[in-house]
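Student: I am new to this structure and would like a close look at a single part of it. Please start there and then connect that part to the rest.

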Amino acid sequence: MTNRNNSFQVRNRFRSVLIPVLILALLVSSCTGNKAELYHRMAKIDAHVHIRTTDTAIMEYAASEGFKLLTINTRSNSQVYIDSQKEYAMKMQSLYPNEISWLATFSMENFEEASWADGVIRKLQKDLDQGAVGFKIWKDIGMTFQDSLGRFVLLDDPLFEPVLVFMEASGFPLLTHIGEPLNCWLPIDSMTVNGDKSYFANHPEYHMYLHPDYPSHESLMQSRDQVLARYPGLKMIGAHLGSLEWDVGVLAERLDHYPNFAVDLAARVCHLQVQERAKVRDFILKYQDRILYATDLGVSEENVNDRIKWAENEWRSDWRYFATDSLMSSRNVEGEFMGLDLDEEVLRKIFNSNALHWYPGAFSDELDSYIPWCRWSLEEKRCMAF
Ligand SMILES: [Zn+2]
């Protein structure tokens with residue numbers, strides 16, 4: 001009898017612990033389950049990719065995952081290379097007019113010639129006429145090109161003034177990739193993510209810590225900020241978390257200061273994963289209208305199948321990070337980290353509507369949801385945030 005009573009009590013106690021645990025497990029799994037289902041239900045945009053192929057497999061795969069793509073022409077050292085990227089972009093867009101859009105860029109060849117800026121503007125206008133929905137400026141501006149006196153040409157150089165005036169007046173947005181992650185200016189053992197450690201160990205030529213004669217991270221950031229301040233009507237998206245990836249607090253200051261500034265997440269999600277979860281989550285909730293989901297997926301003729309596998313992994317694991325509270329690990333991050341568990345409304349902004357808003361011409365069937373980001377003031381001659 002005593003034994004039976006004991007075992008009854010044990011069983012009861014066991015049940016009183018087990019039942020809430022089971023209910024909790026069900027709740028958690030149904031929540032994760034809903035978020036997994038939401039991934040397939042939600043129309044999403046990867047707002048920073050490089051499609052340099054006419055193989056339609058990548059487009060078909062993206063569509064099957066619910067992704068539209070913004071492909072970005074980049075690098076400023078060769079008009080021939082820029083033209084070839086443009087050809088790929090236009091070809092894909094002709095095949096998938098509602099699934100892919102593209103950004104134009106310009107060449108720095110002969111930039112010290114007096115007619116350079118006029119030539120750039122003429123070409124960019126033609127790109128817009130042919131369907132480009134904005135512009136891209138790459139990090140070789142600031143870190144590669146030097147004038148005939150040996151000075152690095154930074155983005156706030158007077159050279160770019162006519163081009164930036166044109167961009168602002170066009171009403172189309174500018175994606176800027178200026179600088180590199182701050183890790184690039186740090187010794188290897190102070191770097192925060194594994195990918196940077198191995199990349200810069202293998203590429204000392206790009207490791208700015210070893211090249212103090214190159215512009216500092218701070219001076220590059222200042223050159224970009226100068227442009228934000230001088231052209232308040234220019235809507236600018238800072239690629240790769242605006243190269244302020246190491247601290248959401250520092251990035252928040254820029255976003256507060258420049259209402260014409262948003263950022264994409266391309267290739268920098270791991271930098272959020274190494275920061276304090278609560279701080280990152282608060283940052284995303286506060287700036288939920290100014291963060292665009294992106295991966296930096298690069299696809300060329302020879303690697304389509306490999307890159308489809310890569311995209312599958314990135315898109316799904318990034319979704320898990322933003323949408324669920326799963327405990328996760330990544331080759332880039334030491335130790336485990338927890339997903340941010342953002343709600344559907346915030347996810348929809350980051351994975352979709354922010355790209356529609358910041359690149360308003362990009363996906364024509366969704367233009368209806370475009371809300372102007374600011375109001376132009378005739379008196380003040382500047383863009384006023386709502
Ligand atoms: Zn890129």
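Is Arg75 buried, exposed or partly exposed, and why?

Tutor: The model shown here is a predicted one. In it, Arg75 is partly exposed, because 17 other C-beta atoms lie within 10 Å; a residue would need 20 or more to count as buried, and 12 or fewer to count as exposed. Arg75 sits in the loop between strand E2 (67-72) and helix H3 (79-95). Its backbone deserves a look as well: phi of Arg75 is near 80°, a positive value in a residue other than glycine. Most residues other than glycine have a negative phi.

His240 also has a positive phi, near 55°, and is likewise not a glycine. Its setting can be given in the same terms. His240 is in helix H9 (residues 239-242), and it counts as buried because it has 24 C-beta neighbours inside 10 Å. Another histidine, His40, counts as exposed because it has 11 C-beta neighbours inside 10 Å. His40 belongs to helix H1 (residues 2-41). Between His40 and Ser64 there are 24 residues in sequence, while their C-alpha atoms are 8.7 Å apart in space.

Now to the protein as a whole. It has 386 residues, of which 39% count as buried, and it contains 14 helices and 13 strands. Taking the contacts with a separation of 6 or more, 72% are between residues 24 or more positions apart.

The largest nonpolar core has 83 residues, and the members that touch the most others are Ile51, Leu70, Phe135, Leu292 and Ala355. Leaving out residues up to four places away in sequence, Ala355 touches Ile45, Ala47, Leu70, Leu292 and Ala362. Another core, of six residues, lies apart from this one; among its members are Leu182, Cys184, Trp185 and Phe200.

Next come the strands. Five of them form an open sheet in the order E4-E5-E6-E7-E8, with parallel pairing. Strand E4 (135-137) and strand E8 (291-292) are the edge strands, each pairing on one side only. Strand E7 (residues 261-264) pairs with E8 in the parallel sense over two bridges, and Val263 stands opposite Ile291 in E8. Elsewhere, strand E10 (residues 327-330) and strand E11 (residues 333-338) run antiparallel and are joined by three bridges. With two residues between them, E10 and E11 form a hairpin. Leu327 has Met338 in E11 as its bridge partner.

Last, a pair of helices. Two packed helices are described by the angle between their axes and the distance between the axes. For helix H2 (residues 57-64) and helix H13 (residues 304-323), the angle is about 15° and the axes are 10 Å apart. Angles under 35 degrees count as roughly parallel, so H2 and H13 are roughly parallel to each other. Their crossing is right-handed. On the H2 side the contact is made by Ala57, Ile58 and Tyr61, and on the H13 side by Val304, Arg307, Ile308 and Ala311.

Key. Residues numbered from 1 in each chain as written. Predicted model: local features only at pLDDT ≥ 70, side-chain atom pairs only at ≥ 80, totals over all residues. Core = buried A, V, L, I, M, F, W, Y, C linked by C-beta atoms within 7 Å. Contact = placed C-beta atoms within 7 Å. Helix = DSSP H or I, 4+ residues; strand = E, 2+ residues; numbered from the N terminus. Pairing = 2+ DSSP bridges. Axes fitted to C-alpha atoms, helices over the stretch in contact; angles between N-to-C directions. Parallel < 35°, antiparallel > 145°, perpendicular 65-115°, else oblique. Left-handed = near helix turned anticlockwise from the far one by under 90°.
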